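Dear colleague,

Please find below a structure that I am passing on to you. I would be grateful if you could read the notes after it with the structure open.

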Amino acid sequence: MLLKDKNIVITGSSRGIGKHVAIACAKNGANVGITSRSIDELNQVKEEIKNVNPDIKCVLKTADVTEYSQVEQLFSFFHEELGELHGVIANAGASGRWKTHEFESEKFSQILDVNILGVFHTFKATYQFMKKDDKKDKARFIITGSATYPAAMPMFAAYTASKYGVVGFQRALALEYKRENITFNMILPTMVDTVLLRGDKAGDGNAPPNVMHPSELTEYFVFLLTKEANRVSDELIYTNEFEQYRSLLEEIDEEYKQDWDTLKSYLEENEPKIYDNIRKQRRLAQFFL
Ligand SMILES: NC(=O)c1ccc[n+]([C@@H]2O[C@H](COP(=O)([O-])OP(=O)(O)OC[C@H]3O[C@@H](n4cnc5c(N)ncnc54)[C@H](OP(=O)(O)O)[C@@H]3O)[C@@H](O)[C@H]2O)c1
């Protein structure tokens with residue numbers, strides 16, 4: 001129960017990554033606030049959460065993250081229901097694939113609105129309700145970014161631009177609020193089997209092998225919400241780099257996994273590239289160990 005009695009809100013939690021993160025938080029003992037624009041899907045997620053952990057509180061409310069008045073009401077509601085918030089995950093996202101010269105302006109700006117303005121609205125509305133009084137257990141603001149930063153995806157100009165944008169947004173917040181007890185971090189997955197990537201085919205069992213299941217991402221989010229990550233801030237966590245490390249952990253002998261120092265020596269000697277990828281995020285590497 002890594003998150004016992006924490007209050008965590010996850011936007012875009014009616015399906016995909018957000019839904020699995022909400023379930024993982026509940027499994028780890030957190031009370032959760034779930035939200036998106038779809039009440040039926042949210043009710044289903046709440047059912048699943050109650051089955052996984054009937055002892056936590058799960059509250060839900062719909063809101064469109066592009067409309068500030070709705071997001072403001074949303075967080076007042078979560079605050080009333082849950083109390084001060086230990087963690088907020090700005091995860092709601094939208095995408096669209098068109099040749100850029102054929103992209104409709106309205107569609108382009110809708111994607112920017114969900115992926116950038118929505119993250120801003122989430123932070124603006126949640127700030128006053130975050131639990132910021134404990135230096136040893138700071139409030140967490142986590143953004144779901146994308147490995148389209150710093151790579152880019154042709155035909156996804158709006159999505160790519162938006163995911164570059166939130167990196168800048170995080171950097172600005174981390175500097176601006178550095179004297180306050182809040183950490184800002186981003187998880188940047190590559191490809192995940194969700195509606196956003198695969199449309200109606202999401203979850204059909206035929207996803208290519210390099211496409212992750214959303215449940216495989218949850219530990220990254222859980223880690224950032226734990227005490228272990230209290231001093232981790234303004235990091236960009238690329239899951240593909242860590243996935244190589246996690247697969248390696250499953251393959252190597254137990255003797256190399258006894259403690260971090262032993263593993264570190266093993267990696268430096270045998271897997272320098274993997275070590276290089278993960279060494280900046282030593283606490284996360286230790287968490288997976
Ligand atoms: N799937 C991937 O390959 C991948 C890779 C890297 C990063 N990501 C990122 O992961 C995050 C989650 O996406 P996902 O892959 O899990 O996609 P998804 O299954 O399509 O889920 C997107 C979520 O965002 C919500 N949402 C969309 N527009 C919204 C709005 N205007 N207001 C409120 N909620 C809204 C959706 O609910 P409603 O439609 O019901 O509102 C849904 O809950 C996104 O930020 C995405 O960019 C995904």
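The notes below go through the domains, the core, a helix, a strand residue, the ligand and some backbone details.

Please keep in mind that this is a predicted model.

Domains

The chain is split into domain 1, covering 7-239, and domain 2, covering 252-289. Taken over C-alpha atoms, the centres of domain 1 and domain 2 lie 28 Å apart. Where they meet, domain 1 contributes 6 residues to the contact and domain 2 contributes 4 residues. On the side of domain 1 that touches domain 2, 4 residues are nonpolar and 2 are charged, with no polar residue.

The nonpolar core

The largest nonpolar core holds 72 residues, and the members that touch the most others are Ala22, Cys25, Ala26, Val32 and Phe221. Helix α1, residues 16-27, gives the most to this core, namely 7 residues. Both domain 1 (7-239) and domain 2 (252-289) are represented in the core, each by at least three residues.

Leaving aside neighbours within four places in sequence, Ala26 is in contact with Val32, Ile49, Val52, Asn53, Ile56 and Cys58.

Helix α1

How many of the 12 residues of α1 are buried? The count is 11, and the helix is thus mostly covered. Among the buried residues of α1 are Gly16, Lys19, His20, Ala22, Cys25 and Ala26. The length of α1 also agrees with expectation, because 12 residues at 1.5 Å a residue should span 16 Å and the end C-alpha atoms are 17 Å apart. After α1 comes Gly29, which has a positive phi near 95°.

Ile142 in strand β5

Ile142 belongs to strand β5, which runs over residues 139-144. Ile142 counts as buried because it has 25 C-beta neighbours inside 10 Å, where 20 or more are needed. Not counting residues up to four places away in sequence, Ile142 touches Gly87, Ile89, Asn185, Ile187, Phe221 and Leu224. One of these, Phe221, was listed above among the core residues that touch the most other members. The C-alpha atom of Ile142 is also separated by 9.1 Å from that of Gln170, which is 28 residues apart from Ile142 along the chain.

The ligand

The ligand is surrounded by 28 residues, of which Gly12, Gly16, Ser36, Gly93 and Leu196 are the closest. Helices α1 and α6 (195-198) each supply at least two residues of this shell. By class, the shell consists of 11 nonpolar, 13 polar and 4 charged residues.

Backbone details

Which residues are joined by a cis peptide bond? They are Tyr149 and Pro150, with omega at about 5°. Pro150 is placed in the loop between β5 and α5 (157-176). Met155 is found in the loop between β5 and α5 too. Although Met155 is not a glycine, its phi is positive, at about 75°. Met155 is partly exposed because 13 other C-beta atoms lie within 10 Å, while a residue is exposed at 12 or fewer and buried at 20 or more.

Asp5, which lies in the segment before β1 (7-11), likewise has a positive phi, near 65°, in a residue other than glycine. Is Asp5 buried or exposed? Asp5 is exposed, because 11 other C-beta atoms lie within 10 Å and the limit for an exposed residue is 12 or fewer.

With kind regards

Definitions and conventions. Residues numbered from 1 in each chain as written. Predicted model: local features only at pLDDT ≥ 70, side-chain atom pairs only at ≥ 80, totals over all residues. Core = buried A, V, L, I, M, F, W, Y, C linked by C-beta atoms within 7 Å. Helix = DSSP H or I, 4+ residues; strand = E, 2+ residues; numbered from the N terminus. Domains from an automatic or database assignment. Contact = placed C-beta atoms within 7 Å. Nonpolar A, V, L, I, M, F, W, Y, C, P; charged D, E, K, R; others polar. Near = placed C-beta within 6 Å. Expected span 1.5 Å × (residues − 1).
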